[in-house]
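Morning, everyone. Please have a look at the model on the screen before I start.

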Amino acid sequence: KIELLNVPPVVLEQFTKIGKMGVLPEDFTYGNFKDFFTISHNDGTKSYAATLIKFPEDIDGNPTQEREVVTADIIDGKLAGYSETSLLDVEDPYLKDHPFVRYIKTVTDFQRRGLATRRYAYMNALTQMQYGLPLYSSAIQEPAALAVWKKLTKKGHAKKVPNQKRYVYIG
């Protein structure tokens, strides 16, 4: 766990972009972020994560609570990739207690290095740590994201959710 002052500017900039999404500008404050973490990898690179709480309106205009975990990978001082998971406070059984990948992106210059696979693994660890729940895929995925979930399934780390277009982390 680290303090806000120890978050690199490139990471804070990315987290701020994410933090402002889905809320009115006047509703965004750095106080929305609850915790910041650093993750040191075996190859010497670092990733950063932050927990965030937002209060967007649902489709009917009712206030809801959305808990997020946002991440950023830094390699040689550059943003290599980022992601966002979301856990919605809803009664819908499709979403209730199912933290899911809202999005994941690896910057073009850093693709094909296994960073997305690694990011899914630590995103799952973070959702387990924060909520005691495994990570789910989104129902709508880019082809590259779907390929990673299929790879995770083949390796025994994930499985397809029955009767859905989603996957869930199991390992």
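Which residues in α1 are buried? They are V11, Q14, F15, T16, I18 and G19. Buried means under 20% relative accessible area, with a 1.4 Å probe and protein chains only.

A word on the source. This is a predicted model, where local features need pLDDT of at least 70, side-chain atom pairs count only at pLDDT 80 or more, and totals for chains, interfaces and linings use all residues. Residues are numbered from 1 along each chain as its sequence is written, and side-chain values use heavy atoms, with hydrogens and water left out.

Helix α1 covers residues 9-20, twelve residues. Helices here are DSSP runs of H or I with at least four residues, and strands are runs of E with at least two, numbered from the N terminus. From first C-alpha to last, α1 reaches 16 Å, close to the 16 Å expected at 1.5 Å a residue. That expected span is 1.5 Å times one less than the number of residues.

What covers the buried residues of α1? The cover includes β1 (33-40), β2 (46-54), β3 (66-75), β4 (78-88) and β5 (100-106). Just after α1, G22 takes a positive phi of about 80 degrees.

Next, K54. This lysine lies in strand β2. Is K54 buried or exposed? K54 is buried, with a relative accessible area of 3%. A polar atom of the K54 side chain lies 2.6 Å from the backbone oxygen of M21. The side chains of K54 and E68 are joined by a polar contact of 3.4 Å. A polar contact is a pair of N or O atoms within 3.5 Å; within protein, one must be able to donate a hydrogen and the other to accept it, and residues adjacent in sequence count only if both atoms are side-chain atoms. Beyond its neighbours within four places in sequence, K54 has contacts (heavy atoms within 4.5 Å) that include I18, G19, V23 and E84.

The lining of the second largest pocket includes G22, V23, K54 and F55. A pocket is an open set of points on a 1 Å grid over the protein atoms alone, with protein on both sides within 12 Å along at least five of seven lines; lining residues have an atom within 4 Å of a point.

So, to recap: α1 has its buried residues, and K54 is buried too. Thanks.

Notes: Buried < 20%, exposed > 50% of the residue type's maximum accessible area, 1.4 Å probe, protein only. 1 Å grid on protein atoms, 1.4 Å probe; cavity = no way out; pocket = protein on both sides within 12 Å on 5 of 7 lines; lining within 4 Å.
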